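Please read the following report alongside the sequence and the three-dimensional structure. It takes up the sheet, the helices packed on it, the cores, and then the links between side chains.

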Amino acid sequence: MTGPELRATFADAPGPESHPGWFSRRLLHGIVLALLVGLVVAGLVGAWAVINGIIRFPSAVASPAPAAVCPSAVFDYTPNNKVNVNIFNAAGRPGLAKNVADQMKARGYNVGTVDNSTTSYTGPAVVVSGSGGQAAAFNIQRNIAGTDYVQDQRTDASVDLILAPGFSALVAPELVDNTPGKLSCPRLEQRIADNAKLPVMPTP
């Protein structure tokens with residue numbers, strides 16, 4: 001046996017890299033593997049984010065419309081002497097609550113507590129009552145223009161009048177409208193938009 005024949009007998013068989021297209025297939029396999037690993041990692045990260053509340057999916061059921069805050073009932077004008085009102089000064093003007101209390105006593109109101117308070121409301125005044133005091137609150141709103149009504153959980157018919165920085169004066173007695181009507185809640189839309197519980201609720 002000659003030398004060339006011997007070398008040919010023991011020569012290594014050609015590897016796969018010598019086949020046409022071998023590098024392209026290896027490159028494709030590498031890309032597919034990297035994509036699969038990326039998808040697995042993304043899935044694990046997404047699951048962790050959902051579990052921890054970082055990612056929230058919208059509910060398939062439509063959210064219920066916000067409940068109306070302002071009462072829609074029509075009230076008759078309650079006589080002044082049937083209204084029990086507490087008056088709080090949140091306007092930052094000394095003596096305001098007492099001055100208004102004296103005026104309301106002169107109109108026949110039953111004035112209870114007269115004190116200072118605070119509120120984030122910047123209009124004329126806030127009128128607060130429970131459901132049983134809404135007719136009385138309607139009376140108060142007719143005597144002070146531009147007020148905002150807020151309902152709380154009290155069980156009696158008393159009304160709190162919180163005088164805010166925008167307060168100027170009571171409506172003149174001869175100009176008070178005593179026809180039936182509804183409570184006024186001018187900041188109702190803002191309450192719903194803020195998605196907060198009575199953001200203008202004063203703290204007596």
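## The sheet

An open sheet of mixed pairing is built from 5 strands, in the order β2-β1-β5-β3-β4. Helices (H or I, at least four residues) and strands (E, at least two) are DSSP runs numbered from the N terminus, and two strands are said to pair if DSSP finds at least two bridges between them. The edges are held by β2 (110-116) and β4 (148-151), each of which has a single partner strand, so one side of each is left without a neighbour in the sheet. On average, and with direction ignored, neighbouring strands of this sheet are turned by 20° against each other; axes are lines fitted to C-alpha atoms, for helices over the stretch in contact, and angles run from 0 to 180 degrees between N-to-C directions.

This is a predicted model, in which local features need pLDDT of at least 70 and side-chain atom pairs count only at pLDDT 80 or more, while totals for chains, interfaces and linings use all residues. Residues are numbered from 1 along each chain as its sequence is written, and side-chain values use heavy atoms, with hydrogens and water left out.

Within the sheet, strand β1 (residues 84-89) pairs with strand β5 (residues 159-163) in the parallel sense, over 5 bridges. Asn89 stands opposite Leu163 of β5.

## Two helices

Helix α3 (residues 96-106) lies across β1, β2 and β5, and runs at about 155° to β1. Helix α4 (residues 134-143) contains Gln141 and is mostly covered, since 9 of its 10 residues are buried; buried means under 20% relative accessible area, exposed over 50%, and partly exposed in between (1.4 Å probe, protein chains only). The cover over the buried residues of α4 includes β1, α3, β3 (125-129), β4 and β5.

Gln141 counts as buried because its relative accessibility is 10%. Not counting residues up to four places away in sequence, Gln141 touches Val127, Thr147, Asp148, Tyr149, Leu183 and Ser184, where contact means heavy atoms within 4.5 Å.

## The nonpolar cores

A nonpolar core is a set of buried Ala, Val, Leu, Ile, Met, Phe, Trp, Tyr and Cys residues joined through side-chain atoms within 4.5 Å. The largest such core has 31 residues, and those with the most contacts inside it are Val85, Ile87, Val100, Met104, Ile140 and Leu161. Two or more residues are given to this core by each of β1, α3, β3, α4 and β5, and the largest share, 5 residues, comes from α3. In soluble globular proteins, nonpolar side chains tend to be buried together.

Val100, leaving aside its neighbours within four places in sequence, is in contact with Ile87, Leu161, Leu163, Phe167 and Leu170. There is also a second, separate core of 8 residues, which includes Tyr121, Val128, Val150 and Ala164.

## Salt bridges

A search of the whole structure finds 4 salt bridges, each a side-chain nitrogen of Lys or Arg within 4 Å of a carboxyl oxygen of Asp or Glu. One of them joins Lys98 to Asp102, with the closest N and O atoms 3.1 Å apart; both residues lie in helix α3, 4 residues apart, about one turn of the helix. Lys98 counts as exposed because its relative accessibility is 55%, whereas Asp102, at 37%, counts as partly exposed.

The side chains of Asp177 and Arg142 also meet in a salt bridge (3.4 Å, N to O). This pair links distant parts of the chain, 35 residues apart, with Asp177 in the loop between β5 and α5 (188-194) and Arg142 in helix α4. Asp177 is partly exposed at 35% relative accessibility, while Arg142 is buried, with a relative accessible area of 19%. Elsewhere, Arg154 forms a salt bridge with Asp160, the closest N and O atoms being 2.8 Å apart, and both of these residues are buried. Asp152, Arg154 and Asp160 are linked in a network of salt bridges.

## The disulfide

The structure holds 1 disulfide, that is, a pair of cysteine sulfur atoms within 2.5 Å. Cys70 and Cys185 form this link, with their sulfur atoms 2.0 Å apart. Cys70 lies in the loop between α2 (22-51) and β1, and Cys185 in the loop between β5 and α5, so the pair ties together parts that are 115 residues apart in sequence. The link of Cys70 and Cys185 is right-handed, with 75° about the S-S bond, and both cysteines are buried.
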